[in-house]
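I opened this notebook to record what I looked up in one model.

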Amino acid sequence: MTILIIILVLLVAILGAALYFQMKSANKQTEEQQQLLKDYQKRVDEQEKLLSDYRSLEQNFDSVGQGYEQALLAFDKMEEDKQKMQNAVNTLQEQNHELQEQYQKLSGSQLQKKEIIEKAAIEAKKQLQTNPTAVTRLLNNILNANDVNMETAIEAEDNVTVGDLIDKAVLESGIGTASYLTFTTEASEEVKTSMLLTNEAQAVRALGAILENAAKFTTEGSVKLSVRPEGAEMRFYVEDTGSGVPAADAEKIFEPFTKLNSYFDGAGLGLTAARSIARRLKGDLILDTIFEGPGARFVLALPF
C-alpha cells in the first residue's frame, strides 16, 4: 500500500513536472511567436518607411529631372539669344564697314568730280574760240561728272527723228572727223524717219558718249552704228574693232571713274553717264557679251 502511494506520488510529481515544463515551453513559444510578430511588424514598418522614402526620392528625382530639363531649355535659349546678338553685331559691323566704304567712295567721287569740272572749265576757255565741238565735249564731261549716282527720272517731252538723233550724236562725239578709223551708219530710211518721244539733248549726249568711247578705243579699223526697232524700243548698236572688253568687266566699265586702260585719256565717266541717262529715260545701255568681235558692241535701247 505504501509502495502504491509512493508510486502514485511519483507519478503525480512526474506529471506535474511534465505539465510545468510543457506550460513553460508553451509560454516560451508564445513569447517567441509574439517576438516574431513584433519583429515582422518592425520589418513591415521598416519596409513601409523605405517605400515611403523611395517614393519621396522618386518625386524629388522627378522634380530634379524637370528642373534639369528646364535648365537645359533655359541654357539653349540663352545660347540662341547669344547667337542672335552675335549675328546682329556682325550685321551692324558689316553695315558700318559698307557705310564707311560708301562714304570714302562718295568723298573720292566728289573730289574727282571737282577736279574734272575744274579741268574741263579751263580747257573750255582755251578751246572756246578755235574748236566749238571740243568745247561741247568738255562741257559734256562736266555734265557727265554731275550725272554720277543720279537717279532722277528725265522728262521725255521732245519728238525727234532717229536720223536727227544720229546726226547730232555723230557731230557731238566728233567721230565723223576721226581720220584714223572708218565710221559707218546702217539704218533704213523707215528707221531714220521714225519718231522718238524722248529728251533730245540727253539722248544725243548718251549716244554721243558711246560713239566717243568707241572712237577712243579704236586706234585703227572701224566703228559702225546700226539702228533697228525691237519691240517697243529703238536699239542703237555701236560696234568697233578696238581693244574690246572682257566679259568679266561687262558691269565694271559702267562704274564711275573706271578705266580699264590707263593709256587713254578721259575720266572714266562717259559710259557711266550714258547708262544713267538711258535708264532715267526708261531705257538701258549694256555691253553685248556674246559679240564675237574683234572689239566691242554696246547696245543703247530707248523707248518709242
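**Entry 1: ground rules**

I am working with a predicted model, in which local features need pLDDT of at least 70 and side-chain atom pairs count only at pLDDT 80 or more, while totals for chains, interfaces and linings use all residues. Residues are numbered from 1 along each chain as its sequence is written, and side-chain values use heavy atoms, with hydrogens and water left out.

**Entry 2: the sheet**

I looked up the strand order first. Five strands make an open sheet, ordered E2-E4-E5-E7-E6, with mixed pairing. I noted that helices (H or I, at least four residues) and strands (E, at least two) are DSSP runs, numbered from the N terminus. Two strands pair if DSSP finds at least two bridges between them.

Strand E2 (182-186) and strand E6 (284-287) are at the edges with a single partner strand each, so one side of each has no neighbour in the sheet. On average, neighbouring strands here are turned by 15° against each other, direction ignored.

I then went through the pairings. E4 and E5 run antiparallel and are joined by eight bridges. They form a hairpin with two residues between them, and Gly231 in the turn has a positive phi of about 65°. E5 and E7 also run antiparallel, joined by seven bridges; in this pairing Glu233 stands opposite Pro303 of E7. E7 (residues 297-303) pairs with E6 over four bridges, in the antiparallel sense, and Ile286 has Val299 in E7 as its bridge partner.

**Entry 3: Met234**

Where does Met234 lie? I found Met234 in strand E5, which spans residues 233-240. The bridge partner of Pro229 in E5 is Met234.

Is Met234 buried or exposed? Met234 counts as buried because its relative accessibility is 0%; the cut-offs are under 20% relative accessible area for buried, over 50% for exposed and partly exposed in between (1.4 Å probe, protein chains only). For the strand as a whole, six of the eight residues of E5 are buried, so E5 is largely enclosed by the rest of the structure.

I listed the contacts of Met234 (heavy atoms within 4.5 Å). Leaving aside neighbours within four places in sequence, the contacts of Met234 include Val162, Val191, Leu196, Val227, Leu300 and Phe304. Met234 and Phe304 are 70 residues apart in sequence, yet their C-alpha atoms are 6.5 Å apart.

**Entry 4: two helices on the sheet**

Helix H3 (residues 162-173) lies across E2, strand E4 (222-230), E5 and E7, at about 35° to E5. Helix H5 (residues 200-216) lies across E2, E4, E5, E6 and E7, at about 20° to E5. Axes are lines fitted to C-alpha atoms, for helices over the stretch in contact, and angles run from 0 to 180 degrees between N-to-C directions.

H3 and H5 pack at about 55°, with 8 Å between their axes. The two helices are therefore oblique to each other, given that under 35 degrees is roughly parallel, over 145 roughly antiparallel, 65 to 115 roughly perpendicular and the rest oblique. Residues in this contact include Leu165, Ile166 and Ala169 of H3 and Ala203, Val204 and Leu207 of H5.

**Entry 5: salt bridges**

Side chains of opposite charge can pair when their charged atoms come close. The rule I used asks for a side-chain nitrogen of Lys or Arg within 4 Å of a carboxyl oxygen of Asp or Glu. How many salt bridges does this rule give? The count comes to nine salt bridges.

Arg228 and Glu230 meet in one of 3.5 Å, N to O. Arg228 is partly exposed at 38% relative accessibility, and Glu230 is partly exposed at 30%. A network of salt bridges links Arg228, Glu230, Glu233 and Arg235.

Glu251 forms a salt bridge with Arg275, with the closest N and O atoms 2.7 Å apart. Glu251 lies in the loop between E5 and helix H6 (270-280) and Arg275 in helix H6, so the pair ties together parts that are 24 residues apart in sequence. Glu251 is partly exposed at 48% relative accessible area, whereas Arg275 counts as buried at 8%.

Arg279 and Asp284 also form a salt bridge, at 2.9 Å from N to O. Arg279 is partly exposed at 45%, and Asp284 is partly exposed at 25%.
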